[in-house]
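Visitor: I'd like to learn how to read a model like this one. Could you walk me through it?

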Amino acid sequence: MIAVLLLLAVGGMVAGMLVGRAAPRLWLGLTLAGIAAGLAAAVSVLAGGTEWEWHSAILIGGEPLHLRLDGISAFFLVLLGTVGGAGAVYAHEYWAERLHPRSARVARGWWSALVLTLALVLVSANGLHFLIAWELFTLSAYFLVTLDRRQPAARAAGWLYLGASHVAVLALFAFFALLAARTGSWDLGPMREHKELAPLFWLALFGFGLKAGLFPLHIWLPDAHANAPSHVSAMMSGVAIKMGIYGLVRFSGWLPMPTGAGWVVAALGVASAVLGVAFALGQHDLKRLLAYHSVENVGIILIGLGFALVAVEQGDTMWGRLALAGGILHVWNHGLFKALLFFGAGSVLHATGSREMSRLGGLWRPMPWTATLFGLGAVAISGLPPLNGFVSEWLVYLGLFDATQSHSEAAWAAIPAAILLGVTGAMALACFVKVCGVVFLGAPRSAEAARAHECGGMMRGPMLLLGAACVAIGLAPVLFWPVLARVTSAWRPGWADATAPAPLLMLGGVHLALAAAAGLAGWLLWARVKQRGLARALTWDCGYVAPTARMQYTAGSFAGTITAWFAWILHPIVQEQRAEAVLPAGASHRSHTPETVLERVIEPMGTVVMAVSGAVRRRQHGRVQSYLFYLLIGVAVLAGVVLAGGEI
Amino acid sequence: MNNYLNLLIGLAMGLNLIALGSSRLPSLIRAVSAQGIVLGLMPLLLEHHPDWRVLVVVVATVAGKGFVIPWLLRRAMRAATIERELNPLVGFVPSLLLGAGGTIAAVAFARLLPLLPEHAGSLLVPGALASVLTGFILLIGRVKAISQVCGYLILENGIYLFGLLLIRSTPLLVEAGVLLDLTVGVFVIGIIVDRIQRAFDSLDTRKLTVLRE
């Protein structure tokens, strides 16, 4: 049954790749049909509870094909199917033939390829095939990121993404090769009893962490997410970086863990969460800002996973289960609301042609659907009740709070982690108040923003679907507990608890009540407005005689206070000419938050490497005489070492 | 016995210096050929009961190093119509000084090495080191291909001298094999020299740098 569904899914995607160039409608139909088949397979595994495993005699690269769809794979496959399908529909209008005659054809084929290879990563249970699928997924994503390749920024972003991905894949090559060398087979599966495999986890953490956008390995992420077309950004942020999380969850479940791994993962998670949102606050580019929130949310996921690993080490199932469930559920939640937000940002970009928040403003009026749905996503990502973001963060909080009562080292670490998680949520809220305020409220800051128009049904539909999913998880979290239990039992057999924890039940009730109250309040307000009508009045204009749209809060000024707290790591670049004297000649202010890790760490390191390589390269000039001289010096040095009593 | 051997090695060390100091290619080739003959005779002194195999090796070494290879080099020289090394990278006087310094250093250095008692009094190790150094100086300091071949030959002579330390444990056949390689190598270089000369009108190896990739 599952095999047939998966075969149908693969057939749909391959057929989609073939017809994608010529027939957009047929492509959309095939892609959606394939995704539906894949989703059905994943849901039946999650609901039915039986793992699907297939050993085949077919050799690929000398290794027999081994596929496996268990709870963890199915969980990620559901996210992939949802965002992949929504993105395909969205792209039909957003990246249409009419607007992008050249790249729209290519985009369809690569989209199918990306979804297919991501699914392959999820189901392959052979190290070699995992690597092949991983590499193909990286390449498909590269071609999608650089779809708009006439823009130099898109090309540069693609290049950075490809370079960073290859560093990651290098670590993964080492990881899988060492794993195969020590176990004697490329076949993957639970091997928790091989204690000698534990140190390999560090390689996996680097490789998968780089792909997941973990701080400080996130350097490629802001550029790639910001410069890719918005449906691709949604896929990258919603699903592609989750593959790094998948790898970490998968192999932390299958392999024995080195001591302290949980602490490291949790610490990296906290750093990613706090610094990711700090960087996001400093951004003026709408999509770049959303990209930094991916770093933040990956951090939240890893706080959950990290504390679950700590619990494994201490044998404390009670709170570890909650932390893990929170982290895992946040994978879905972030995938859903981040895709929704990127679709919303794409809709704004589509309507105004600008990602620069200081050129937008007042879009609520011309784009009510986009504004409402973006607002919904913003509430969800800020972790506010009654939406899904709060549910997963609540589970992580529950895990941390229960850990404080466990009378172990975890108790001490859980308190600061919970506080920092709270700080992260507050800053995310500030950040999205800034975004929604600057982009959708106020008056249009530019002519493009004034001419904005609402997006069409094909773009609105996917946003509605994702928004509805966010609301569903928010209002009925208990329904999703069995899914989390399934993933937990695939991660550590015996950890799962089929009955949902009582606080989750209560949370669902509170959320429903809150939603009902909010609906009622909204309805009352609306009725009042209808009854009495609206009276328009001027806001207080600070005494200016002729206020203009430019006299509004900008993105930079709104977040100024908080970015100043983090100036030690953000290093914002500010150029300003203050208005001085009685009749000032002119004044200007310009600020920009660079990618500090890339510009202050990676680039100087790269410069040093290039200088050293260049110097070595100059030594290779083709003169035999000098080469012999190097040889003589080398021999003399070796002789010196030997005489000095050294070992060679 | 040891005295005769040391005399021959001293002679070879002197020939090193002559090779370093001579700017004319014919005298350089002559020094190399003389050194080859001197070294070729040594197994006779080292082997207490020379049998016919030692004799064959001696004859082959003397013929190869003393006559065949120098003849090939002279032929290449005539084909290329060059007589002198005009612009060496390391001048003749500096290379002579370097060679002399190297020889003294080699003698001093050999005292530091943990040698077998029967080799302690002989000049075999200092001679070998001095020859290897001389070979390197020639290879590094000279630009004409023929001078470099000579440097290579002297380097090989140094290795041959080291090999003589092991004459009891290593069959001379190994040395014969090395000699054969060398002869073939010189053949090849002779042919290449001829081709380079025809293609570039010069034997200056510095001009070969475009071939580095």
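Guide: First, some ground rules. This is a predicted model, so local features need pLDDT of at least 70, side-chain atom pairs count only at pLDDT 80 or more, and totals for chains, interfaces and linings use all residues. Residues are numbered from 1 along each chain as its sequence is written, while chains are lettered from A and ligands numbered from 1 in the order in which they are written.

Visitor: Which residues touch the most other members of the largest nonpolar core?

Guide: In soluble globular proteins, nonpolar side chains tend to be buried together. A nonpolar core here is a set of buried Ala, Val, Leu, Ile, Met, Phe, Trp, Tyr and Cys residues joined through C-beta atoms within 7 Å. Buried means 20 or more other C-beta atoms within 10 Å of a residue's own, exposed means 12 or fewer, and partly exposed is in between, with C-beta atoms placed from the backbone. The largest core has 207 residues, and those touching the most other members are A:Leu114, A:Leu118, A:Leu144, A:Ile303, A:Phe307, A:Leu340 and A:Cys470. Helix H12 (residues 317-352) of chain A supplies the largest share of this core, 19 residues. Helices (H or I, at least four residues) and strands (E, at least two) are DSSP runs, numbered from the N terminus. A separate second core of 49 residues includes B:Met77, B:Leu123, B:Ile137 and B:Ala145.

Visitor: What does A:Phe307 touch, leaving out residues up to four places away in sequence?

Guide: Contact means that two C-beta atoms, placed from the backbone, lie within 7 Å. The partners of A:Phe307 include A:Gly262, A:Ala266, A:Gly320 and A:Leu400.

Visitor: How do helices H3 and H9 of chain A pack?

Guide: Two packed helices are described by the angle between their axes and the distance between the axes. Axes are lines fitted to C-alpha atoms, for helices over the stretch in contact, and angles run from 0 to 180 degrees between N-to-C directions. Helix H3 (residues 71-94) and helix H9 (residues 230-254) of chain A sit with axes 9 Å apart, at an angle of about 170 degrees. That makes H3(A) roughly antiparallel to H9(A), a label for angles over 145 degrees. Among the residues that meet are A:Phe76 and A:Leu80 from H3(A), and A:Met235 and A:Val239 from H9(A).

Visitor: What about chain B, how many helices and strands does it have?

Guide: Chain B has 8 helices and 0 strands. Of its 213 residues, 40% count as buried.

Visitor: And how is chain A divided into domains?

Guide: Domain bounds come from an automatic or database domain assignment. For chain A they give domain 1 (259-517 + 553-573) and domain 2 (596-643). Taken over C-alpha atoms, the centres of these two domains are 48 Å apart.

Visitor: Where are the cis peptide bonds and the positive phi values?

Guide: Most residues other than glycine have a negative phi, and most peptide bonds are trans. In chain A, a cis bond joins A:Phe215 and A:Pro216, with omega about 5 degrees, and A:Pro216 lies in the loop between helix H7 (200-212) and helix H8 (221-227). Another cis bond runs from A:Pro385 to A:Pro386, with omega near 5 degrees. A:His571 has a positive phi, near 45 degrees, and is partly exposed, with 14 other C-beta atoms within 10 Å. A:Ala581 also has a positive phi, near 65 degrees, and is exposed, with 6 other C-beta atoms within 10 Å.

Notes. Angles under 35 degrees count as roughly parallel, over 145 as roughly antiparallel, 65 to 115 as roughly perpendicular and the rest as oblique.
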